[in-house]
Amino acid sequence: MSGPGRRTLLGATAAVFASRHVLAQEAWPSRTIRLVVPYAAGGSSDIVARLIAPRLQASLGQSVVVENRAGAGALLGTEAVARAGNDGHTILLADTPHAILPALNDRLPYHPTRDFTPISLVAATPQILFAAAQFAPADAAAAIAAARARPDSIAIASAGQGTSSHLTAERLQLLTGIKLTHVPYRGAAPAMNDLAAGQVQLFFATIASGLPLLREGRIKALGVLSEARLEALPQVATFREQGMDLVVESWFALLGPAGIPDAVARRTAPAVAEAVAAPEVRERFATLGLTPRSSTPAEAEAFIRAELGRYAEVVRAADIRLTN
């Protein structure tokens, strides 16, 4: 066959294949969705995942099962999602370390952008500068002034070398020119305990980590690294209000493997927005100091790329190296 008849047949055949492709995309999800948390059960990432999973399930019409794949500081679970295939039935709940680790390790088993498709932001919580109760300065500006007057005399704890608390402290020093003595711990809990005991003077942490000791009066909050004051701590001024342009948030986002169908992001992003807007989710988020932060896939991609750039810059500028 040749001529118009052949062109018509080819056009019809192409239309059939195109329609089948569209139908295949629209059929997503066709089975259970695995929501991978790259940490052990019980932590903040696990709580966030289990709060949104039932609502995603209701919106998407398929079971959403939370799967904890802990190990190697989130690398194990993150790599598992990167290698899971691109049918869209495996999704990662990523958090701030997703943007930090590439700056500290040039041999990651995955690429933070090429191997993933951003779907939506989920929630965020700002870092807060906490201080020992007996530390004299009453706010962040006064603490900076004290550190500037006495370089290296004030000890600032972190949850470990290369953690967000450490890098936030480095960002503060780069911004203000002060010199603090860094004291790394093995996690936020021992750092917070030593802060309450007065063994160190400062510590950047989230409200969820500091609120119990803050309520007991064993520590105090000097400043919030957010755009606006927190509802839970309305008396604590932001760093910007205190003359320092520094905003640092810990965040959570949904990522799929690279190359997932457009339908995954197109359907999941609005489902996330609906989930985090649910009154019971907002209420639970509030107890964790979290603010709902849904987005479009494009907004999520821009945010994560910006975070990658910020952390890479501070690691270079402060010459941070991980030690065994």
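Strand β5 (residues 128-132) and strand β8 (residues 202-205) run antiparallel and are joined by 4 bridges. Two strands are said to pair if DSSP finds at least two bridges between them. Helices (H or I, at least four residues) and strands (E, at least two) are DSSP runs, numbered from the N terminus. Alanine 131 stands opposite leucine 202 in β8.

This is a predicted model, in which local features need pLDDT of at least 70 and side-chain atom pairs count only at pLDDT 80 or more, while totals for chains, interfaces and linings use all residues. Residues are numbered from 1 along each chain as its sequence is written, and side-chain values use heavy atoms, with hydrogens and water left out.

An open sheet is formed by 5 strands in the order β7-β6-β8-β5-β9, with mixed pairing. Its edge strands, β7 (181-184) and β9 (219-224), each pair on one side only. From one strand to the next, the twist averages 30°.

Axes are lines fitted to C-alpha atoms, for helices over the stretch in contact, and angles run from 0 to 180 degrees between N-to-C directions. Contact means heavy atoms within 4.5 Å.

| Helix | Lies across | Angle |
|---|---|---|
| α6 (residues 164-176) | β6 (155-158), β7 and β8 | about 115° to β8 |
| α8 (residues 207-215) | β5, β8 and β9 | about 140° to β9 |

Helix α9 (residues 262-277) packs against α10 at an angle of about 70°, with the axes 5 Å apart. The two are therefore roughly perpendicular to each other (65 to 115 degrees counts as roughly perpendicular). Ala275, Val276 and Ala277 of α9 meet Pro279, Val281, Arg282 and Phe285 of α10.

Glutamate 280 is found in helix α10 (residues 279-287). With a relative accessible area of 42%, glutamate 280 is partly exposed. Buried means under 20% relative accessible area, exposed over 50%, and partly exposed in between (1.4 Å probe, protein chains only). The side chains of glutamate 280 and arginine 55 are joined by a polar contact of 3.0 Å. A polar contact is a pair of N or O atoms within 3.5 Å; within protein, one must be able to donate a hydrogen and the other to accept it, and residues adjacent in sequence count only if both atoms are side-chain atoms.

Threonine 113 is found in the loop between α4 (97-104) and β4 (116-126). Threonine 113 counts as buried because its relative accessibility is 18%. Its side chain makes a polar contact of 3.1 Å with that of histidine 111.

Methods:
Parallel < 35°, antiparallel > 145°, perpendicular 65-115°, else oblique.
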